[in-house]
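Here is a short note to read alongside the model. Please keep the sequence and the structure open while going through the points.

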Amino acid sequence: MGDPPDLEHAVDNLLSAPVLRLRREFDGIDFRPAYAPWAGRLRDGDRESLQELADAVRGWHRLAVEPFWNQGRSALVALSAHYADLVLQGGVDLLLRSLGVPEVRWRPPVLEAPYPRRTEVHLRGRGLVITPAVFSPQGVSFLWDPLDTTQPPRLTVPALREPLAHVGPAEQGDPDPSLASLLGRTRAAALLATRVGCTTTELARRLGVSAAAASQHTRVLRDADLITTTRRGGAVLHLITPLGTALLKARRFNQGGV
């Protein structure tokens, strides 16, 4: 599915994948006998089989990814910033030594990572994409296409130490009265929303205000060191800081919360 910006782009990539690519992807997979006929049709680019797979991907995303995505995105942004700091401090060498993954060993100039069979991959100037993952069932995986020498290999590493918990809009709740008195009700709600990360557009929708008003609230919170704002592509992501989290906890404690 490539590296798309959202699920629908990924599904479009799947539905438009050339037969040669489908065969290359599915030839290495062992299917149970009951599913082998369907898998064969899928491998040959049968439109109905591809649509069934696309529908399954959408359903799985709705159940297993979407409820946790805001928290997952927050974790990814935080780890990405940490990796960037490591590169600034000590270059790629420090980053590779600091991954903190037992299965990955950096022995310059060789990076050792788990793979189903013993093999050597020479980058030859392509670089290596390090991808923190929050939904991978495996802690580490090394992905590369031996038939495509133009694309860099990809090393996925875990981004989380603790499992994600679903924090939906209904569970986020309203800010307590004392926090609303301190910051103003809308601004307190904005701080609460940044616990799981949100863009300015998402924040405006949650607060029921214009994007300009949401941007003003985030500026005030950022100036007070209660949130951070990181640019990602054409959007920005707002995340609560440790100081902001401490403020929320302090107000809950003063109100007799747990």
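Is Tyr115 buried, partly exposed or exposed?

1. Tyr115 is partly exposed, because its relative accessibility is 26%, and a residue counts as buried only under 20% and as exposed only over 50%.

2. Tyr115 has an aromatic partner, Phe142. The two rings sit 6.0 Å apart, centre to centre, with 75 degrees between their planes, and the pair is edge-to-face. Tyr115 belongs to the loop between β2 (110-112) and β3 (129-133), while Phe142 is in strand β4 (residues 141-143), so the pair ties together parts that are 27 residues apart in sequence. Phe142 is buried, because its relative accessible area is 17%, which is under the 20% cut-off.

3. How many aromatic pairs does the structure hold? There are three. Ring pairs also link Tyr115 and Phe142 with Trp144, and these residues form a cluster.

4. Before going further, look at the confidence. The protein chain has a mean pLDDT of 82, and 88% of its residues reach 70 or more. Residues 168-172 stay under 50, and the model gives this stretch seven contacts beyond four places in sequence. Residues 253-258 are also below 50 in pLDDT, with four contacts in the model beyond near neighbours in sequence. Where pLDDT is low, the predicted coordinates should not be read in detail.

5. Now the overall content. The protein chain has eleven helices and eight strands. It has 258 residues, of which 29% count as buried. Take the contacts in the protein chain between residues at least 6 apart in sequence: 56% of them join residues at least 24 apart.

6. At what angle do helices α9 and α10 cross? The axes of α9 (residues 200-207) and α10 (residues 211-223) cross at roughly 105 degrees and come within 8 Å. That makes α9 roughly perpendicular to α10, because angles of 65 to 115 degrees count as such. On the α9 side the contact is made by Thr200, Leu203 and Ala204; on the α10 side it is made by Ala211, Ala214, Ser215 and Thr218. Sorted by class, the contact of α9 with α10 has four nonpolar residues, three polar residues and no charged residues.

7. Some backbone angles deserve a second look. Most residues other than glycine have a negative phi, and most peptide bonds are trans. The bond that joins Pro108 and Pro109 is a cis peptide bond, with omega about 5 degrees. Pro109 is in the loop between β1 (105-107) and β2.

8. Arg124 is located in the loop between β2 and β3. Its relative accessible area is 73%, so Arg124 is exposed.

9. Asp225 is not a glycine either, and has a positive phi of about 65 degrees. Asp225 is in the loop between α10 and β7 (227-232). With a relative accessibility of 51%, Asp225 counts as exposed; the cut-off is over 50%.

10. The loop between β2 and β3 also holds Ala113. At 31% relative accessibility, Ala113 is partly exposed. Apart from neighbours within four places in sequence, Ala113 is in contact with Glu103, Val104 and Leu155. Ala113 and Val101 are twelve residues apart along the chain, and their C-alpha atoms are separated by 9.6 Å.

11. Is Leu191 buried or exposed? Leu191 is buried, because its relative accessibility is 0%. This residue is part of helix α8 (residues 185-193). Not counting residues up to four places away in sequence, Leu191 touches Leu183, Leu221, Leu226, Ile227, Ile240, Gly244, Leu247 and Leu248. For one of these, Ile240, the C-alpha to C-alpha separation from Leu191 is 6.9 Å, although the two are 49 residues apart in sequence.

Terms used
Residues numbered from 1 in each chain as written. Predicted model: local features only at pLDDT ≥ 70, side-chain atom pairs only at ≥ 80, totals over all residues. Heavy atoms only, no water. Phe/Tyr/Trp six-rings, centres within 6.5 Å; stacked < 30°, edge-to-face > 60°. Helix = DSSP H or I, 4+ residues; strand = E, 2+ residues; numbered from the N terminus. Buried < 20%, exposed > 50% of the residue type's maximum accessible area, 1.4 Å probe, protein only. pLDDT = per-residue confidence, 0-100. Contact = heavy atoms within 4.5 Å. Axes fitted to C-alpha atoms, helices over the stretch in contact; angles between N-to-C directions. Parallel < 35°, antiparallel > 145°, perpendicular 65-115°, else oblique. Nonpolar A, V, L, I, M, F, W, Y, C, P; charged D, E, K, R; others polar.
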